[in-house]
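Student: I am new to this structure. Please take one part and walk me through it closely.

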Amino acid sequence: MRGFDETLLDEADETVRVRFVVNGRKVACEVAPRETLVDCLRDKLELTGTHAGCEMGACGACLVQIDGRAVHSCLMFAVQADGARIDTIEGLTESGAIADLQAEFHRRNALQCGFCTPGMLVNACELLSQVARPSREQIRDALSGNYCRCTGYEAIVDAIDAVAKARSAGGAR
Amino acid sequence: MTAPLTSLDRPNSYIGRSLPRPNAKRLLAGRGRYVSDLRLPRMLHAAFLRSPHAHAKIVSIKTDEARALEGVHLVATGADLATICTPWTGTLDHFKGMTSAPQLPLPLDRVVWAGQAVVAVVAENRATAEDALELIEVDYEDLPIVVDIDGAREADSPLVNPGSVSNVCFRSQLDSGAVDDAFAHAAHVVEEEFSFGRHTAVTLEPRAIVADYDPAAGMLTVHHGTQTPYQFQDLYSRHYGIPEARVRVIATDIGGSFGMKLHVYHEDMAVVGLSILLGRPVKYVADRIESFVSDIHARDHRVRARMALDAKGEILAMDVLDLTAIGAFSTYPRTSVVEGNQVVRLIGAPYRFRNYRATLEVIFQNKVQTSQYRAVGHPIACAVTERMVDMAAAKLGLDPFAIRAQNVIADDAYPQTSPTGYRFEALSHEACLKRLQEMMGYDGLRAEQAELRKRGIYRGIGIATFVEITNPSPAFYGVGGARISSQDGAIVSLTPSGEVRCLISVTEQGQGTEAIISQIVADQLGLAQEHVKVITGDTEVTPHGGATWACRGAGIGGETALQAARALKRNILEIAALILQEQPSALDIIDGDVVDAGTRNRRLPISEIARIVYFRSDTLPPGTQAQLTVSHHFAPQGYPFAFTNGIQGCSLEVDVDTGFIKLLKHFIVEDCGRVINPMLVDEQLRGGIVQGLGAALFEECRYSETGQLVNGSLADYLVPMPMEMPDIAIAHVDTPTADTELGAKGVGEAGTAAASACVLNAVNDALVPFGAAVNSIPITPARVLKALKRF
């Protein structure tokens, strides 16, 4: 280390082995203690569908499911998720769990640049798992931590509303 | 040969149809490919040390410790990059007398705003690069700072640029004459001073760039989250001395842009230089605080305006002073004076009066640069004009709809030239006004307002007419010497299997460029939309063009695609005619088949023509050289701009105890000419309106007296979120431009143009019973309470 003062780095270069079940598969990786879960997912596991927008839990772009609940992956260190079941947009897509939401978002063009969309879908999935028939007001309230600069939100609310109605009518869920 | 554009019942008629975007499914599946996702072999990461001072001399920079840190590959200062990058200056020739200091990627000896990048570190990963930043010592010597408009204009003000005589970047005057006379003879005069806070684009994906210089090939490839790849190809080529053909800029998926990502940023230029110095790919993604302190800001205007009217409420004249404070530099290459220029030229635009005078003064200060962001100048011009019209209406006892109906340019009076020189081909203010009044249920809203006031509930109703600049010709930038194209190019091919590929210079930011281009090409050629593949955003493969800015994609890019598709169709039918021994004029293409034009009887599929041309040209008559690839360019001619118009309305409620404003419902009637995809147009309007509503109520970049941005995070800088935003009702009036076959005009900025004006008028309408008024944007609870003398 060319005479470099070790204390300057603190423990930044020390890594910890963590294990997750990501999108149904067992994964182990070496992470620095300071590495956030979103960086770990994007950089180490190449799951780039999860996005970093504000790095402080305000925008919702980084939402993933941890043990079935929507969590901000930018507010969590990767080491804190050790042992957890993590589902990202990639896994939710492959399992078909949000296929109806994705189809309705597409049909109504409830996205433009798409950067907020994975987080929106994770949150919409969470909402519909808690409330079968949310009102528009409840949908807007549930999305109040998901920032979208492009759409003006209305089509997103419409799409979630339509899926909630279709699911209720279908009785499948 | 070509059926009318609007007939939706003929086969393959896609123009005018609401269809989902074919390319959106990838984004929904988390398969977007944003520059921030990109990882290249041997890629390194850059981070920047930023100035903590708004204005200071750089005395010394110590980088030894940073250079010694394991994993650090390069530490570069201004001097290092100045050896390979030529400086740039953000002026344009048609803004006579404007000045701006030359800029370099990193400063040599002086910092001019808090947050300016000073030293770059390139390391194995971003975290290591940021560790190294902490090991750099920069010794600064404070210089006097300029952080407000009034201070900057004083004779003894400190100077942002010490060599200059004042802090004025640009001054201009417009005067159509007889303004003093009109005011002297006016029955009524209204007068007000307005202020518009700084705000910024806050794209969800921050600025992102990966520069990849290959010294062996002498080739620079830049993966850049931008709207305008060709502009950057030109700039990287010229400032780094690399032949244009060896610079490739690739703009893939981008997480929002809104005008913010088409300017030259110091960090982006630096990253290109860092890659050249290292011969390796270098990536930089701004984090959120970096975005707030280094993305361009917009607005920051103070406007004093007067309006003269006759006894009946006819507007006679306006007299305006617009002061706008930019940064320490004018932004390159589009400058920081376009917004002010558009403010003074768009004020009063919907109305008939002839006597207009305006002064614009653009002032330097020690903050990050301002420049073009969605609806450049429009929200300010619209808010000033529309608030004055409402003030005049109140003075004369006229209804807001009535005074506008009396004063807008009549729908049958076109063409018209505004007192500021804008030429309007055809607008539809009267039709839009009428439609909005019906759509809002205006009389019902007024009755409800009166009823609720009795119960101490204060609702406001506001309307705002607007004119939007779209489809710009070279009059916008080209005439000023900027190498920014106003034409577009397309290459359309029939592939060997009978599908169509269209490479086009307009770019996709999620607004649906690729969708509408495929609709136009499929419609004009006569095949199913899914058989048209559109490719955008790569200077190596798509022809040079303006790309996306100033609402030009549909109007200019769309016309380019239309003309290119028609040319390819002629070529296909020429070969079909040879094969079928017919005249080309007797044939048409429907659903991918060549048919008899008269009977529509199917003759042969175009895939068969492609097969013969590509693989059995020996069976064609001797001398036949089939051209199944067409390259076509289109430059707008006729009117210098295709102006659009519309009107917005809103209903809101003011809580007079807390100053909080609840938006209840928003309305817009808009005329963007031919609508190619109604669903996408409505999305543009809604998204644009919500950006305008954010500006109206929440968004402001707030600075301390020492020039520090104090709210640079998404917790402190408020953006519109779903809970606060209303549903938005939309209606259209269609006045196509006759300058193109397609007839489309732009629509991306219409929503933002008038939303804040509309809210300003509605809030003031709600405050009427208190004799209180607000004339500052954003309209924060504190400002409302201050107006009510309750704070």
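Tutor: In chain A, 15 residues of domain 1 are in contact with 13 residues of domain 2. Contact here means that the C-beta atoms of two residues, placed from the backbone, lie within 7 Å. The model is predicted: local features need pLDDT of at least 70, side-chain atom pairs count only at pLDDT 80 or more, and totals for chains, interfaces and linings use all residues. Residues are numbered from 1 along each chain as its sequence is written, while chains are lettered from A and ligands numbered from 1 in the order in which they are written.

Start with the bounds. Domain 1 of chain A covers 6-93, and domain 2 covers 98-170. Such bounds come from an automatic or database domain assignment. Taken over C-alpha atoms, the centres of the two domains of chain A are 24 Å apart.

Now look at the side of domain 1 of chain A that touches domain 2. The elements giving two or more residues to this side are β3 (63-66), β4 (69-72) and α2 (89-95) of chain A. Helices (H or I, at least four residues) and strands (E, at least two) are DSSP runs, numbered from the N terminus. The largest share of this side, 3 residues, comes from β3(A). By class, the side has 8 nonpolar, 6 polar and 1 charged residues. Nonpolar covers Ala, Val, Leu, Ile, Met, Phe, Trp, Tyr, Cys and Pro; charged covers Asp, Glu, Lys and Arg; the others, Gly among them, are polar.

Next, the sheet. β3(A) and β4(A) belong to an open sheet of 5 strands, in the order β2-β1-β5-β3-β4 (chain A), with mixed pairing. Two strands pair if DSSP finds at least two bridges between them. The edge strands are β2 (25-31) and β4 of chain A, each pairing on one side only. From one strand to the next, the twist averages 40°.

Stay with β3(A). It is joined by 2 bridges to β5 (residues 85-87) of chain A, and the two run antiparallel. A:Ile66 stands opposite A:Ile86 in β5(A).

Finally, find a helix. α4 (residues 117-130) of chain A lies across β3 and β4 of chain A. It runs at about 45° to β3(A). Axes are lines fitted to C-alpha atoms, for helices over the stretch in contact, and angles run from 0 to 180 degrees between N-to-C directions.
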